[in-house]
Amino acid sequence: MDESRRIAGVEEVPEESTLLATLRPVDSEAVDEGEGDLGEGEDGAPEVEAVLTRAAGEVRAFRNYCQHWTDVRLDKDDGAFVRNGEVFCQKHGATFEADGGYCNFGPCEGAVLESVGVAVADDAVYLDDDAYEFVRLGPSAGKGDGSGSRIDFTGN
Ligand code: FES
């Protein structure tokens, strides 16, 4: 595996929360300004975020925005709420199946989170998606203050 694409050790990916990683889209034109995980690197190039979880027994990764209001991040740099194999959006309570991102409850029921390809080798998780380059663990630039663009019912 290409070490520049190593995201984290498998044990670092939580089963009842998410791990946040910053990625750089290979095609900067492919990003949507309305997606809440969109940030900007020091060089001005766009960055996006991925949330990784082991809630489904295997490591899965998705882009860090809800399918209901796409400007809302699932993980605001403190881990998304994950229970019983489902990732919750804390804005309006939508739940997404962690094994594929399908929304099985909530205002965007039937929608699917945008997947990011990852692979496991030698107890580590690697980015396995030609659309992105791995930048670092943690939030995209300007996204790490824990706030969202809209207040949710948890007060965040
Ligand atoms: S913004 Fe996620 S459920 Fe409404």
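## Strand pairing

β1 and strand β11 (residues 124-127) pair in the antiparallel sense over 3 bridges; two strands count as paired if DSSP finds at least two bridges between them. Strands here are DSSP runs of E with at least two residues, numbered from the N terminus. Within this pairing, glycine 9 stands opposite alanine 124 in β11. The model is predicted: local features need pLDDT of at least 70, side-chain atom pairs count only at pLDDT 80 or more, and totals for chains, interfaces and linings use all residues. Residues are numbered from 1 along each chain as its sequence is written, and side-chain values use heavy atoms, with hydrogens and water left out.

β11 also pairs with β10, in the antiparallel sense, over 4 bridges. Here valine 125 of β11 has valine 120 opposite. The hairpin of β10 and β11 has 2 residues between the strands, and aspartate 122 takes a positive phi near 50° in this hairpin.

## The sheet

These strands form an open sheet of 3 strands in the order β1-β11-β10, with antiparallel pairing. β1 (6-9) and β10 (118-121) each have a single partner strand and stand at the edges, so one side of each lacks a neighbour in the sheet. Direction ignored, neighbouring strands of this sheet are turned by 25° against each other on average, using axes fitted as lines to C-alpha atoms, with angles from 0 to 180 degrees between N-to-C directions.

## Nonpolar cores

A nonpolar core is a set of buried Ala, Val, Leu, Ile, Met, Phe, Trp, Tyr and Cys residues joined through side-chain atoms within 4.5 Å. Buried means under 20% relative accessible area, exposed over 50%, and partly exposed in between (1.4 Å probe, protein chains only). The largest core has 20 residues, of which Ile7, Leu23, Leu52, Val59, Val116, Val125 and Leu127 touch the most other members. At least two residues of this core come from each of β1, β2 (19-25), β4 (46-53), β11 and β12 (132-137).

Leaving aside residues up to four places away in sequence, isoleucine 7 touches Ala21, Leu52, Val118, Val125, Tyr126, Leu127, Phe134 and Leu137, where contact means heavy atoms within 4.5 Å. A second, separate core has 17 residues, including Ala80, Val82, Ala94 and Phe96.

## Aromatic pair

The whole structure contains 1 aromatic pair. Rings of Phe, Tyr and Trp (its six-membered ring) pair if their centres lie within 6.5 Å; planes under 30 degrees apart count as stacked, over 60 as edge-to-face and the rest as tilted. The ring centres of phenylalanine 81 and phenylalanine 88 are 5.0 Å apart and the planes are at 75°, so the pair is edge-to-face. Phenylalanine 81 is partly exposed at 35% relative accessibility, and phenylalanine 88 is partly exposed at 21%.
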